[in-house]
Amino acid sequence: MVCEAFLEADTFVHRLDPRVRVVAALALAVLVAVSGRLVVPGAALALAIGLAVAARLPAGATLKRLAGLNVFVLVLAAVLPLSVPGPAAFAVGPLAFSGAGLLQAAAIALKANAILLAVTALLSTMELSDLGHALHHLRLPDKLVHLLLFSVRYIEVLRHEYGRLLRAMRVRGFRPRTNRHTYRTIGYLVGMLLVRSVDRSERILAAMKCRGFKGRFYLLDHFRIRPSDTAFAAAAGLVLLALGWVEWGPGGWV
Amino acid sequence: MSADGLPLLAFRGVAFAYDRDRPVLEGVDLEVRAGERLGLVGPNGSGKTTLLHLAVGLLHPTAGHIEAFGEARREEKDFHEVRGRVGLLFQDPEDQLFSPTVAEDVAFGPLNLGKSREEARAIVGETLQALDLGGYEDRITHHLSYGEKRLVALASVLAMRPEVLLLDEPTDGLDEHYEGRLTGILRGLGQAMVLVSHDRGFLAMVANRGACIRQCRLEPLDLA
């Protein structure tokens, strides 16, 4: 799958309990998202870089992921200084760039990169099935957990089916062009995928019924909190408290 | 088991059609008794899979009825008990293995039958060991090879400790190595079986009785 590059290393981050990682990533993301000061997302970005290094994230795959995000950030960085009212920080010809807009753009850039990098370091480094289990143990509604687990299980099967259909089209000389024949063919391809998915889901349900499925799932739990998890949770808690203190405490930081 | 000589599974004059004008099965009478391994052959689309699905109540006959373990079974709820005692191995293991890990997939049936987690875990260990799949517990199901998926799917059916096994094209798509492993496993099992296959060599090795679907009807067949 796309994100398997992040699973390859075996660092202490990879070995942390998935539940601890989910909670830590979520808490950090929320804190950073609601923060109104630059220093909090700035510190979070530094932390996230530290985590990424500790988890030995592959540079190529990580930068590619961040690049996708930063295309949007760049658009905002170009538009916000022009659209947010306030005294101009500088001007290029007739275009006045407002200081408030620049600050907002910087805050968004810091927040988005910090959150994505932290989530990549903490969550992309676990199997998606572990993520599903962690969410179940964290009392997320079963339906959502099962939706995730079924998607994880069958997305590759669907991709293979798509690949097979596409190859079968290619060997009969299909080249995508901008014409009605192409649109109709792609329509058939998508339609066929849908039909096959519905058929498959019926066969899966039949197979589940044969094994006594009556609408309830049972997960075998296999997580155990170890001292390293407690230590990481404590450290994460302290860091988050410190960031919260900076954000809402009495100090006059900016 | 059927010490009283009753068949484990019986079809009594069963007919089935997906649409009214094209019958798939007509007047099918079939009995499966303890120790029998019925090899079932027939052309593509002749109703072999349909017959297996009728036996566990995934489909219902348009005429006649199914008996299992000495009782007539007609409605969905009649088949809940049957499914705990008759294991169906689907043709495509992708349809059967839906859990993220092997252990969870094999435990799915036992947990549904009301076993505790500890019991289920023990059953998973034993079943995988018996199929020479020890150590597969934490493997991710969609990362397995096709042959491994087939064997794990069989494990997930055997974990329910069925008295009858229904196998739909069990050797389909397997290489020699996995076909050999599967043949060895099936020959070593004590359950009554219905084996749907096009592979006459495989049937000759495993089955001890043959039948053929020809023009919607079931006929005896010499497999040798």
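## Domains of chain A

Domain bounds here come from an automatic or database domain assignment. For chain A, that assignment gives domain 1 (2-126 + 224-248) and domain 2 (140-210). The centres of domain 1 of chain A and domain 2 of chain A, taken over C-alpha atoms, are separated by 34 Å.

The structure is a predicted model. For the complex, the predictor gives an ipTM of 0.77 and a pTM of 0.75. In chain B the average pLDDT is 92, and 98% of the residues score at least 70.

## A hairpin in chain A

Chain A contains strand E1 (residues 88-92) and strand E2 (residues 95-98), which pair in the antiparallel sense over 4 bridges. One of the residues involved is Ala88(A), whose bridge partner in E2(A) is Ser98(A). E1(A) and E2(A) form a hairpin with 2 residues between them. In the turn, Gly93(A) has a positive phi of about 60°.

## Where the chains meet

In the contact between the chains, 24 residues of chain A are in contact with 27 residues of chain B. On the side of chain A that touches chain B, helix H6 (128-137), helix H7 (142-170) and helix H8 (180-210) of chain A each supply at least two residues. H8(A) gives the most to this side, with 8 residues. By residue type, the side of chain A that touches chain B divides into 13 nonpolar, 3 polar and 8 charged residues.

Gly84(B) lies in helix H2 (residues 76-85) of chain B. Leaving aside residues up to four places away in sequence, Gly84(B) touches Gly212(A), Leu113(B) and Met160(B). Gly84(B) has 20 other C-beta atoms within 10 Å, so Gly84(B) is buried, as 20 or more is the cut-off for that class. Val56(B) is 28 residues from Gly84(B) in sequence, and the two are 9.7 Å apart in space, C-alpha to C-alpha.

## The four-stranded sheet of chain B

One sheet of chain B is open and is formed by 4 strands in the order E2-E1-E4-E5, with antiparallel pairing. Strand E2 (22-32) and strand E5 (71-73) of chain B stand at the edges with a single partner strand each, so one side of each is left without a neighbour in the sheet. From one strand to the next, the twist averages 35°. Strand E4 (residues 63-68) of chain B runs antiparallel to E5(B), and 3 bridges join them. Ile66(B) has Arg73(B) as its bridge partner in E5(B).

Helix H1 (residues 48-55) of chain B lies across strand E1 (9-19), E2 and E4 of chain B, and runs at about 120° to E1(B). H1(B) is mostly covered, with 6 of its 8 residues buried. Those buried residues are Lys48(B), Leu51(B), Leu52(B), His53(B), Leu54(B) and Ala55(B). Gly57(B) follows H1(B) and has a positive phi, near 80°.

## The six-stranded sheet of chain B

Another open sheet of chain B has 6 strands, in the order E6-E7-E8-E3-E9-E10, and its pairing is mixed. At its edges stand strand E6 (86-89) and strand E10 (217-221) of chain B; each has a single partner strand, so one side of each is left without a neighbour in the sheet. The twist in this sheet averages 20° from one strand to the next.

Within this sheet, strand E3 (residues 37-41) and strand E8 (residues 192-196) of chain B run parallel and are joined by 4 bridges. The bridge partner of Leu38(B) in E8(B) is Val194(B).

## Positive phi outside glycine in chain B

Asp132(B) is not a glycine, yet its phi is positive, at about 65°. Asp132(B) is found in the loop between helix H5 (117-130) and helix H6 (146-158) of chain B. With 12 other C-beta atoms within 10 Å, Asp132(B) is exposed.

Cys216(B) is also a residue other than glycine with a positive phi, near 70°. The loop that holds Cys216(B) runs between strand E9 (209-214) and E10 of chain B. Cys216(B) has 18 other C-beta atoms within 10 Å and is partly exposed.

Key. Residues numbered from 1 in each chain as written. Chains lettered and ligands numbered in written order. Predicted model: local features only at pLDDT ≥ 70, side-chain atom pairs only at ≥ 80, totals over all residues. Contact = placed C-beta atoms within 7 Å. Nonpolar A, V, L, I, M, F, W, Y, C, P; charged D, E, K, R; others polar. pLDDT = per-residue confidence, 0-100. Pairing = 2+ DSSP bridges. Axes fitted to C-alpha atoms, helices over the stretch in contact; angles between N-to-C directions.
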